[in-house]
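Grab a pencil and work through these exercises one at a time. Try each task yourself before you read the solution.

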Amino acid sequence: MKVLITGIAGFAGSYLAEEVLKKGDEVFGICLACESLENVAKIKKQIRILHEDITDLDQISRRVKKINPDQIYHLAALSSVGESFSKPVEMIENNFRGTLNLLEIIRKLKWPTRILIAGSCDMYGIVKPEETPIKEERSLLPVSPYGVSKAAGDLLAYQYFKSYGVNVIRARAFNHTGPGQRTGFVIPDLASQIARIEKSHLSPVLKVGNLSSQRDLSDVRDVVRAYTALMAKGKAGEAYNICMQKAYSIEHMLNILCSLSKKRISIQIDEKRNRPAEIPILSGNNSKLKKATGWKPKIPIEKTLEDTLDYWRKKLMTNDE
Ligand code: GDD
């Protein structure tokens, strides 16, 4: 089977490529020429990387037609909610256009290609605690440019299924992290500072943003297993939440990370890390995914946080050499 992954050099994209390779499929990946290939270094001989911009319809269309993939996982996107407030045009243009282009290409193809669109729980927007865990039927009312771009992609996918019968899965991943995620997201932002403090590269003061928000955090390795399970067993046109169905405050995650370090660390609130609009709680109901695929999360949050902190410790050591 030929499998194409957009955003293969990104955080989740690289884990997904490893997961798909385990199944014995042929993996093609699209990323920008300027992107670092560090995340895919260990599998680079087993995959074919193509440098393309998914917002360029002509270019991407030629590529996809040439590959003739059986399956496409569309992960390429600008993905930082925080950064989206300062780059709304870039965020919405890139994420919306990329999804639209791929759906258009598939619609015109003469062979049946299945596509999974990686969405985000950020599209649900602000919900009351008593309305969680969120089900897929919940209205999409995003409060960030990133959330708007993902909601638009999800709706496009629905429209292409209803109007043209495109074989599309709408995956809605909740927060996920693990080794390899860049800073700009809360866990790497916290873990990278702890690793620097341990090496005395920083004074023992950890800068944080809003600690009261609660997130349903999964390990990226569980999330990519959910993507492949949905690709195999999900129902075309349907939306599926990917999450643990548990919400923890960022403060709780910070406490776990600090408990993994022997350094005494104090906490300082950095107002610059706050956002114009914040979602206080995001937690999803995962029963639809479990029922459709039999998927279950395997990695507890403590292990994910420990592995992520170790990743940053090793990264600093390598950079020192
Ligand atoms: N990034 C960041 N850095 N967030 C912080 C920090 C910090 O130093 N301190 C506190 N936070 C808070 C944010 O304000 C937010 O409430 C929460 O931690 C999580 O922030 P992110 O890790 O940036 O995640 P997100 O929920 O906004 O978005 C992520 O999850 C989505 C799925 O819900 C991203 O990974 C999206 O790409 C993804 O779709």
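**Exercise 1. Cysteines**

How many disulfides does a search of the whole structure find?

*Solution.* Before you start, note that this is a predicted model, in which local features need pLDDT of at least 70 and side-chain atom pairs count only at pLDDT 80 or more, while totals for chains, interfaces and linings use all residues. Residues are numbered from 1 along each chain as its sequence is written, and side-chain values use heavy atoms, with hydrogens and water left out.

Step 1: recall the idea. A disulfide is a covalent bond between the sulfur atoms of two cysteines. The cut-off here is a pair of cysteine sulfur atoms within 2.5 Å.

Step 2: run the search. The whole structure turns up zero disulfides.

Step 3: check Cys 34. Its closest cysteine sulfur belongs to Cys 31 and sits 8.5 Å away, which is too far for a bond. Cys 34 is also exposed, at 68% relative accessibility. (Buried means under 20% relative accessible area, exposed over 50%, and partly exposed in between, using a 1.4 Å probe and protein chains only.)

Step 4: check Cys 243. This cysteine is in no disulfide either, as the nearest cysteine sulfur, in Cys 121, is 8.2 Å away. Cys 243 is buried, with a relative accessible area of 0%.

**Exercise 2. The ligand**

Work out what surrounds the ligand and where the ligand lies relative to the domains.

*Solution.* Step 1: list the neighbours. The ligand has 20 residues around it, and the closest are Ser 79, Cys 121, Ser 213, Arg 275 and Glu 278. To count as near, a residue needs one of its heavy atoms within 4 Å.

Step 1: sort that shell by type. You get eight nonpolar, seven polar and five charged residues. In this scheme Ala, Val, Leu, Ile, Met, Phe, Trp, Tyr, Cys and Pro are nonpolar, Asp, Glu, Lys and Arg are charged, and the others, Gly among them, are polar.

Step 2: look at individual atom pairs. A side-chain N or O atom of Ser 120 is 2.6 Å from an oxygen atom of the ligand. Val 186 uses a backbone N or O atom, 2.7 Å from a ligand oxygen.

Step 3: On its own it has 710 Å² of accessible area, and the protein covers 95% of that. (These areas come from the Shrake-Rupley method with a 1.4 Å probe; for residues, only the protein chains shown count as cover.)

Step 4: Domain 1 (2-176 + 218-242) and domain 2 (178-215 + 246-282 + 298-320) both give residues to the shell, so the ligand lies between them. The domain bounds come from an automatic or database domain assignment.

**Exercise 3. A residue in a loop**

Is Glu 52 buried or exposed, and which side chain does its own side chain contact?

*Solution.* Step 1: find Glu 52 in the loop between β3 (47-51) and α2 (57-67). Helices (H or I, at least four residues) and strands (E, at least two) are DSSP runs, numbered from the N terminus.

Step 1: read the accessibility. Glu 52 is at 11%, so this residue counts as buried.

Step 2: find the partner. The Glu 52 side chain makes a polar contact with the side chain of Arg 63, at 2.5 Å. (A polar contact is a pair of N or O atoms within 3.5 Å; within protein, one must be able to donate a hydrogen and the other to accept it, and residues adjacent in sequence count only if both atoms are side-chain atoms.)
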